[in-house]
Amino acid sequence: LTALQLAVALLRRRSEGVEGLALAFGEVDALIQRTRETMQRLVRRLEPRMLAQLGLVAALRLAAEDLARRADLEVHVSIDDEEALTASPPPKAVSKALYSVAIEALSNVARHAQASGLWLRLEDDGERLTLSVEDDGVGFAAAPEVGEDAPGDLRGDFGGLGLVGIRERLGGVGGEARFEASERGGAKVWVRVARALREDGA
């Protein structure tokens, strides 16, 4: 869908001045966008099932590998102490929040970054989990840090991954998020949450 939408946008620009064509390409672009939104809703419905079947670590790896195939990216996944994290996974709410942020960040890279490489890392210090997704693409301007007490009306436009969207995906697990320039030349999304929550809130 991403490649198709880019092609339609190019054809739309080239058809400016040709009666009827620009309008037709605009309608096609709108249809692609509606299809994308429908697919995103379906993916969100499937997320809990995928996490339950695979666990957070395997689900993150699968998502990154899928992006590598679809977007022709060189993807690097780094999981700190993977065996321990697999044997003792975080609560369901934490896993869901991290996975949702990762999916949105990966999708953002595919749509907007114009990158050739992507790096996903999950770190576990025993008390907190830190997820980062960065690329070597065009990047975005640095944004303020977003914590649990950040105003609810903060907004940013980082290819669809704004500050409000991050807070929504963190849901009830709290935590903090940052948008910053990557040392690799592109953009970096960084999220940290507490590893342990009460199971009745998971």
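## A hairpin in the sheet

Leu 118 stands opposite Asp 135 in S3. The two strands involved, S2 and S3, pair in the antiparallel sense over seven bridges, where two strands are said to pair if DSSP finds at least two bridges between them. Helices (H or I, at least four residues) and strands (E, at least two) are DSSP runs, numbered from the N terminus. In the hairpin that S2 and S3 form, three residues lie between the strands, and Gly 126 takes a positive phi near 95°.

This is a predicted model, in which local features need pLDDT of at least 70 and side-chain atom pairs count only at pLDDT 80 or more, while totals for chains, interfaces and linings use all residues. Residues are numbered from 1 along each chain as its sequence is written, and side-chain values use heavy atoms, with hydrogens and water left out.

## The five-stranded sheet

The open sheet is formed by five strands in the order S1-S2-S3-S5-S4, and its pairing is mixed. Strand S1 (74-79) and strand S4 (176-181) stand at the edges, and each has a single partner strand, so one side of each is left without a neighbour in the sheet. On average, neighbouring strands of this sheet are turned by 10° against each other, direction ignored; axes are lines fitted to C-alpha atoms, for helices over the stretch in contact, and angles run from 0 to 180 degrees between N-to-C directions.

S3 pairs with S5 in the antiparallel sense over seven bridges, and Val 133 stands opposite Val 189 in S5. S4 and strand S5 (residues 187-194) also pair in the antiparallel sense, over six bridges, with Ala 177 opposite Val 191 in S5. Helix H4 (residues 92-113) packs on the sheet, where it touches strand S2 (117-124), strand S3 (128-135) and S5, a contact being heavy atoms within 4.5 Å. The direction of H4 makes about 10° with that of S3.

## Burial and the whole protein

Seven of the eight residues of S3 are buried (under 20% relative accessible area, with a 1.4 Å probe and protein chains only), so S3 is largely enclosed by the rest of the structure. Of the 202 residues of the protein, 37% count as buried.

The protein has five helices and five strands, and along the sequence they follow the pattern α-α-β-α-α-β-β-α-β-β. Among the contacts with a separation of 6 or more, 64% are between residues 24 or more positions apart.

Terms used: Buried means under 20% relative accessible area, exposed over 50%, partly exposed in between (1.4 Å probe, protein chains only).
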